[in-house]
Amino acid sequence: ALHDAGRPADAIRAFDSLLAFGLDNYPMLVSQAINRTEALISDDRPAEALTALNELDEKYMKYASSYGKMWVWAGKVCALNALGRSAEAIPYMTKLDAQLKDNMSAVMKAGACVGDIDKVEQIMLSRLDSADDRTGALLSFVQFTGAEAQSRFDAKVRDVITKARNRPAVQ
């Protein structure tokens with residue numbers, strides 16, 4: 001909630017307090033660790049996010065669902081792109097694309113991070129055409145609107161999502 005309210009630094013502190021119990025002791029906290037990396041990226045701290053994502057990938061992916069794993073890969077795409085290391089993000093984007101149906105939101109976010117308006121548009125259209133995914137698509141319209149973005153990262157993602165959403169096919 002803090003992250004969604006544009007307060008990623010507060011969200012990070014809250015996650016840090018919870019994660020102080022340790023993922024080794026409480027592996028069920030892996031989802032919160034993944035969410036913490038989202039907040040780090042949103043707070044324009046991609047290097048820290050990438051370090052945390054690499055640790056999750058190396059040590060804790062066995063505790064993550066397919067859905068959660070895809071958020072780790074999307075986070076890596078976003079962090080690497082923000083760090084100017086886009087070529088290193090390609091294998092993660094390939095993994096995401098291969099499992100699109102498992103987590104369209106993660107693939108759409110990764111596409112937005114690399115500025116791929118066409119990918120974002122295609123995912124929006126696919127979700128809008130599906131009775132099962134339509135609610136998620138409409139939620140993404142609301143999620144990426146509202147007050148001005150709190151970070152450069154959020155502004156970039158919002159811009160790509162808005163451009164895709166405003167294309168005639170999506171309207």
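Start with the crossing of helix 5 and helix 6, which is left-handed (that is, the near helix is turned anticlockwise from the far one by less than a right angle; clockwise would be right-handed). To find the pair, select residues 86-98 for helix 5 and residues 104-113 for helix 6. Helices here are DSSP runs of H or I with at least four residues, numbered from the N terminus.

Before going on, a word on what you're looking at. This is a predicted model, where local features need pLDDT of at least 70 and side-chain atom pairs count only at pLDDT 80 or more, while totals for chains, interfaces and linings use all residues. Residues are numbered from 1 along each chain as its sequence is written, and side-chain values use heavy atoms, with hydrogens and water left out.

Back to the crossing. The axes of helix 5 and helix 6 come within 9 Å and cross at roughly 145 degrees. Those axes are lines fitted to C-alpha atoms over the stretch in contact, and angles run from 0 to 180 degrees between N-to-C directions. Now show side chains: Met-93, Leu-96 and Asp-97 on helix 5 meet Ala-106, Val-107, Ala-110 and Gly-111 on helix 6, where contact means heavy atoms within 4.5 Å. By type, the residues of this contact divide into 5 nonpolar, 1 polar and 1 charged (Ala, Val, Leu, Ile, Met, Phe, Trp, Tyr, Cys and Pro count as nonpolar, Asp, Glu, Lys and Arg as charged, and the others, Gly among them, as polar).

Keep Leu-96 selected. Leaving out residues up to four places away in sequence, Leu-96 touches Met-70, Trp-73, Ala-74, Val-77, Ala-106, Val-107 and Ala-110. Leu-96 is also among the residues with the most contacts inside the largest nonpolar core, along with Leu-56, Val-120 and Met-124. That core has 52 residues, and its largest share, 9 residues, comes from helix 4 (residues 66-82). A nonpolar core is a set of buried Ala, Val, Leu, Ile, Met, Phe, Trp, Tyr and Cys residues joined through side-chain atoms within 4.5 Å. Buried means under 20% relative accessible area, exposed over 50%, and partly exposed in between (1.4 Å probe, protein chains only).

Next, click Lys-119 in helix 7 (residues 117-129). Is Lys-119 buried or exposed? Lys-119 is buried, at a relative accessible area of 16%. Not counting residues up to four places away in sequence, Lys-119 touches Met-93, Asp-97, Val-107 and Gly-111.

Then move to Ala-112, which lies in helix 6. Ala-112 counts as buried because its relative accessibility is 0%. Which residues is Ala-112 in contact with, leaving aside its neighbours within four places in sequence? Look for Val-120, Lys-156, Val-157, Val-160 and Ile-161.

Now for some loops. Leu-83 sits between helix 4 and helix 5 and is partly exposed, with a relative accessible area of 33%. Setting aside neighbours within four places in sequence, Leu-83 is in contact with Pro-46, Ala-47 and Leu-50. Asp-44 is in the loop between helix 2 (30-42) and helix 3 (46-60). Check its backbone: phi of Asp-44 is near 55 degrees, a positive value in a residue other than glycine. Asp-44 is partly exposed at 27%.

Last stop: rings. How many aromatic pairs does a search of the whole structure find? The search finds 3. Rings of Phe, Tyr and Trp (its six-membered ring) pair if their centres lie within 6.5 Å; planes under 30 degrees apart count as stacked, over 60 as edge-to-face and the rest as tilted. Phe-21 is exposed at 52%, and Tyr-26 is partly exposed at 38%.

Methods
Helix = DSSP H or I, 4+ residues; strand = E, 2+ residues; numbered from the N terminus.
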